[in-house]
Structures are given as C-alpha cells and as structure tokens.
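This briefing covers selected features of one predicted model.

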Amino acid sequence: MGGFVLAAPSSGAGKTTVTLGILRALSRASHSIRSAKSGPDYIDPQFHAAATGHPCVNLDAWAMTPERLKSLASGAGDLIVEGAMGLFDGAPPDGRGSTAELAKALKLPVVLIVDAKAMSQSITALVGGFMAHDKDVKIAGAILNHVGSERHADMLKTALAPLKIPVLGAIPRSSELSRPSRHLGLVQAGEMPDLNAFLNKAADIVAENVDLRALKALAAPSDWPVAQPVKNAPRRIAVARDAAFSFTYPHMLRDWDQSGATILPFSPLADEPVPEADRLFLPGGYPELYAATLASNATFIQSLKYAAQETDIYGECGGYMMLGETLIDAEGTPHKMAGLLGLTTSFKERKLHLGYRSLTQLAQHPLTYNTPNHRTYAAHEFHYASTLSADGTPLFNATNAEGTPLGPMGLIEGRVAGSFAHIIDPIN
C-alpha cells in the first residue's frame, strides 16, 4: 500500500485529463489502484470513479487533520492523488491546504505534469524552481504534456537532463481530449454519453506516451491507519442523487456506511418520493438547470413537505435552494420550490462566491453528522447564485480562510436547515 501525487505548476496544464488516462490505463492492465482528489472538488472525483470503477475520495489538507487524511487514504492498492491548482497553491494568506501540504502529510512523492506547449529550454527553470522550493516535497518525476512533436520532446528532455529528474513521458497535443464545461466547472461524468470512449482514448494516448511501469514504481510505501467508523450515525439516511443533486462527498457516504447506516438514494428529478428515513440530505448540484421540472414534480415536493414534519432535513447549496420559496433561473423566470425555508435565490443576478469557510453552528440541528459535540465545521462555498431574501433564524456564523467574519449563513426552521456552504469535516 502506497502511492504518489500527480500535480502541476498551475491550473490548465491538463492535469485531470492525464490523471484520467493514467487511472484508466492502469485499471485496464489490472493494477490494484485507488484514486483521490486534493481539495473541495465534486466534478473530478466522478470522472475518477468512472475511470477506475471505484469511488474517489477527497483529501483536503485545509479542512482535515493529518490523522483524518491518513485514515481516508488507507486501503488496498496504490493511491493515485490528483492535485488541485498549482502544486503550492492553497487558501489565503499562506497557501494552507495546498497539494504540496497534502503530499507532505501523507509522505507521498510528486510527479509534476508540465504544460510544455509554449516553452523549450525555459522548462529547466520552471521545473528546477519547483524542485528547489520546498525540500520536504519530493518531486520524483515529470510528465510533459501538450508536446508539439518528437523534436520538441527531445528539446525538452535535453533541457531537463541537468536536473536529473526522470521524464516519465511526453504526451502530444490532442483535440480528442477536450471536454465541455459550464459555470461550476466541467459537465458531470454522468452527462457525457461518450465518457467511456473518452476515457479509453485518454488511456490509449497515455499508455503509448508514458512509462507506466516506471510511474507506478515511484509509489512510496505507507503505514496509514485503517479508518474508524463514526459513532451514532442514524439508521436510515435518504440522499437525493441525480443530475440536479450530485455533489456528495464520498468520505461522508463512507462514514455513514461504515457506521451501519442504510443509505437510501432517490431522484427528485424523476419525481420520486422521499424514502422513509431518519434523516434526509439534499446535496448541491445544478437545480437551476432543472428548476421548471423540479417545480412541477408534485410527488417529490409533497413528500418533502411531509418528511419535514418528522425527519431532520439538511440542504447544501443546490439542496438549500430547493428548500427555499423561489428559485429564479438564468432567464429571470421564477420557479416555486418546496417553501420550507424563507429563501429566494436568483441565477439572473449572478455573483461568484468561492472559498473555504469555518462555520459555527448557532441553532441545534444534526446536519450531516449525528454527533451533538460537533458545533464547528470546515466547509467551502462555490456558487454563482445570489440570495435575494433570507428570512428566518440563521444556522451558522461564518468566517473565511483568513478568519474574516462573513456574518450569518444559512437558515433553520424546525427540523429543516440548510446553507450555501458544503460541509467537509467537523472541526471538533
């Protein structure tokens, strides 16, 4: 059991596509591997899971303790971690939570994926600078991406030779590896009808241009402890799961499962009723794209209102909007939601809200963990919706990653609560 981290000097280097090609290529060759994504990301893990056939866990060095990271990283087979942004990029003011910090916490080597499309000899300064920046981060190899030709690859390898860093591959530019995107990032894995063909193509290109045997040999051994189950989990947890509500962290589901809870997925988009459960979780996603359908799904909405009388309900981001009175779509059309919270949100008036959040709970609600002592949470916020009105009792006080107060966040009414923040882990 061990692993390595796939990182890049900056966003946009093609890190995710290369990672997916590696994951699918190794899985096709029957290697025992698992995957993880650094930081708060819902989209990339869906693609990881499609590439390997196994869940991809999020490892967040800002929100999770080193002990929590190690327990989530444990398991059979080598762990391949995809980094986020640039290797040393993290939360302000000091880069806490970076991929480099995660690599150090797990004692894993880093393979640097370098976008080489617009450079030749300058690659020496770039890679050499990353190798020298933090001696506690072991950069064990490099993969050159977006290479223009064999001659270009030879120039890059010659330039890197003095650094004595293994160049594990040179991947050519390919228009076949582009993917569609939308306002919160890439289109979700389940919405790509040609996903399997895309993954196989990425694997073909990677297998042809990367020394996978040498890459896998870099995996550092580890002694991570086996994860311990969360205590006091509810017996039955209903979880909305479809294209409108898909942003659920695998580690949260794993905690519930290992604690003996039964997870009951259902689809609001398909107008399925809320299952009978002890708790209901409405995760984030893209309800704004399906607002008209959701507003007309009477079976789901009536069952949601009925469940609110006897079930603890928590909604995050898109789920929070679903619990509100009205959701105004990008065209300015209002759609009536469940009306369980005094909330009106709009995608006509768009503003980016992005960053880590520390949440202090103001009102009693079990949220996603049934542990009375958990009153503070590490979370993140990423949405473009604007709050036009929020009438009722605030759920949290929030601060950003720098400790700056953001004021009240979210609402609670009886057994129903929610906010725009995505909870990652309890703080205490």
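**Cysteines**

- Cys56 counts as buried, because its relative accessibility is 2%, below the cut-off of 20%.
- Cys317 is buried as well, with a relative accessible area of 5%.
- With a disulfide taken as two cysteine sulfur atoms within 2.5 Å, the count for this predicted model is zero.
- Cys56 takes part in no disulfide, and the nearest cysteine sulfur to it, that of Cys317, is 20 Å away.
- Seen from Cys317, the closest cysteine sulfur is that of Cys56, and the separation of 20 Å is too far for a bond.

**Helices α3 and α4**

- Helix α3 spans residues 66-73 and helix α4 spans residues 99-106; their axes come within 10 Å and cross at roughly 75°.
- On the α3 side the contact involves Leu69, Lys70 and Ala73, which meet Leu102, Ala105 and Leu106 of α4.
- Of the residues in this contact between α3 and α4, five are nonpolar, none is polar and one is charged.

**Four-stranded sheet**

- An open sheet of four strands, with mixed pairing, has the order β18-β17-β19-β22.
- Its edge strands, each pairing on one side only, are β18 (334-336) and β22 (386-391).
- From one strand to the next, the twist averages 15°.
- Strand β17 (residues 326-328) runs antiparallel to β18, and three bridges join the two.
- Ile328 has Pro334 in β18 as its bridge partner.

Notes: Residues numbered from 1 in each chain as written. Predicted model: local features only at pLDDT ≥ 70, side-chain atom pairs only at ≥ 80, totals over all residues. Heavy atoms only, no water. Axes fitted to C-alpha atoms, helices over the stretch in contact; angles between N-to-C directions. Contact = heavy atoms within 4.5 Å. Nonpolar A, V, L, I, M, F, W, Y, C, P; charged D, E, K, R; others polar. Buried < 20%, exposed > 50% of the residue type's maximum accessible area, 1.4 Å probe, protein only. Pairing = 2+ DSSP bridges.
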